[in-house]
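My notes follow in the order of looking.

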Amino acid sequence: MKILAIETSCDETSAAIIEAKKDDLKVKILANFTASSLSLHAKTGGIIPETAAREQIKYILPVIEKALNSIPRINNQNIEESIDAIAVTIGPGLIGSLLVGVKTAKTLSYVWNKPIIQVNHLIGHIYANFIRGNSKFETRNSKLNTKRSKPDTDIEFPATVLIVSGGHTDLLLMKNHEKIIWLGGTRDDAAGEAFDKIGRILNLPYPGGPNIEIAALKGNENAINFPRPLIKSDDFDFSFSGLKTAALREIQKRKLNVKDVEDISASVQKAIVDVLIKKTLKAAQKYNTKSILLAGGVAANQKLRDQFESEIRNLKLEIPLFVPQKWLCTDNAAMIGAAAFFTGKKTPWRKIATNPELYFN
Ligand code: KG4
Ligand code: ZN
């Protein structure tokens with residue numbers, strides 16, 4: 001089965017073609033092209049929805065064309081003849097951006113007479129783990145140093161999933177492809193949002209997440225003991241807005257030289273990573289999960305990935321940790337195609353609508 005997938009929930013315009021067969025454990029990417037309006041948002045220090053939507057309109061047809069033209073044609077057939085379905089993100093996201101992808105998918109569905117599979121963007125992030133070539137940190141059989149040795153092995157359920165993106169921080173229990181239970185989430189800012197807001201007050205370029213990670217490389221993560229909100233609470237909720245205020249107070253105390261920026265970056269990153277790992281491992285132990293999956297833009301953070309591995313090893317938990325390749329952590333259409341393959345129901349185009357507030361049921 002080949003799926004043309006479209007993702008336009010925010011500032012990335014992405015089209016992919018993925019392929020998978022019924023018994024495949026992971027899907028294969030045949031093509032994935034992404035255009036981004038990030039550089040425009042870097043100028044304003046954050047995303048302006050109207051700008052994002054206008055850029056989506058500019059890029060949507062070129063990325064789809066590129067994806068379609070990059071796969072081989074059999075016997076000169078029309079390219080759409082090899083496509084079995086169209087997958088599209090219907091939410092959550094910015095309404096203007098979402099509409100561009102959804103309207104395009106509906107039009108193609110009508111013209112080509114192909115079904116649509118609608119995808120929740122957050123579920124899409126999880127399925128970056130179900131794309132071939134992804135990493136597995138193997139702790140089973142106590143050969144604790146076989147780091148990322150088996151890229152395409154099966155993900156066993158139940159799995160604990162941590163989604164950490166710009167707009168969301170959620171902990172989920174994935175019982176199987178059909179049943180995903182929400183355990184908790186942020187009460188205020190998402191982890192990525194905290195990185196971005198703190199990056200801005202540190203005068204780092206947008207987005208803050210990757211730039212704080214770079215600045216942190218030279219910093220001392222123990223320089224400032226930032227609060228780790230809710231780290232000991234009984235639930236699986238998070239809160240990151242207090243961290244932003246604490247960082248602001250530290251910044252106001254100083255003249256802010258390069259060393260300060262590096263130390264604050266490293267200390268903030270450490271505080272965020274500590275809370276994310278502690279809560280995820282608590283859920284994994286409580287629900288006896290057989291795998292841990294990281295997803296979303298913040299999952300690209302190397303400190304998060306490394307510390308996760310070492311804490312699992314130190315606790316001798318023997319739960320394999322799955323992390324998507326870094327480029328698949330941030331928004332892309334391939335993950336939407338993968339989610340559509342494993343979970344999707346084909347729907348006639350007339351029944352498809354955007355849902356900017358879509359969350360977990
Ligand atoms: O998943 P994503 O691409 O978009 C949303 O669905 O929100 O996530 C974007 C978020 C941004 O907040 C960005 O700062 C953060 O992911 N991010 C990172 C890193 N790369 C992206 N945060 C920390 N470290 C990174 N390396
Ligand atoms: Zn996303």
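The model is a predicted one.

Entry one, the residue. I looked up Ser82 and found its place in the loop between helix H2 (49–69) and strand E4 (85–91). Is Ser82 buried or exposed? I read a relative accessibility of 12% for Ser82, so the residue counts as buried, the cut-off being under 20%. I set aside the neighbours of Ser82 within four places in sequence and listed its contacts as Lys2, Ile71 and Gln77.

Entry two, the chain. I counted 11 helices and 12 strands in the protein chain. Its radius of gyration is 20 Å, close to the 21 Å that the globule rule gives for 361 residues, so I noted the chain as being as compact as a globular protein of that length. Along the principal axes, the C-alpha atoms fill a box of roughly 65 × 50 × 35 Å. I looked up burial for the whole chain, and 56% of the 361 residues count as buried.

I took the contacts between residues at least 6 apart in sequence; 76% of them join residues at least 24 apart. The accessible surface of the chain is about 15,900 Å², and carbon and sulfur atoms account for 51% of that. Last, I looked up the charges: 49 are positive and 38 negative, with mean positions 2 Å apart.

Key:
Residues are numbered from 1 along each chain as its sequence is written. Chains are lettered from A and ligands numbered from 1 in the order in which they are written. This is a predicted model: local features need pLDDT of at least 70, side-chain atom pairs count only at pLDDT 80 or more; totals for chains, interfaces and linings use all residues. Side-chain values use heavy atoms; hydrogens and water are left out. Helices (H or I, at least four residues) and strands (E, at least two) are DSSP runs, numbered from the N terminus. The radius of gyration is taken over C-alpha atoms; the globule rule is 2.2 Å times the number of residues to the power 0.38. Buried means under 20% relative accessible area, exposed over 50%, partly exposed in between (1.4 Å probe, protein chains only). Contact means heavy atoms within 4.5 Å. Accessible areas come from the Shrake-Rupley method with a 1.4 Å probe; for residues, only the protein chains shown count as cover. Lys and Arg count as positive and Asp and Glu as negative; His and the chain ends are not counted. The place of a charge is taken as NZ of Lys, CZ of Arg, CG of Asp or CD of Glu.
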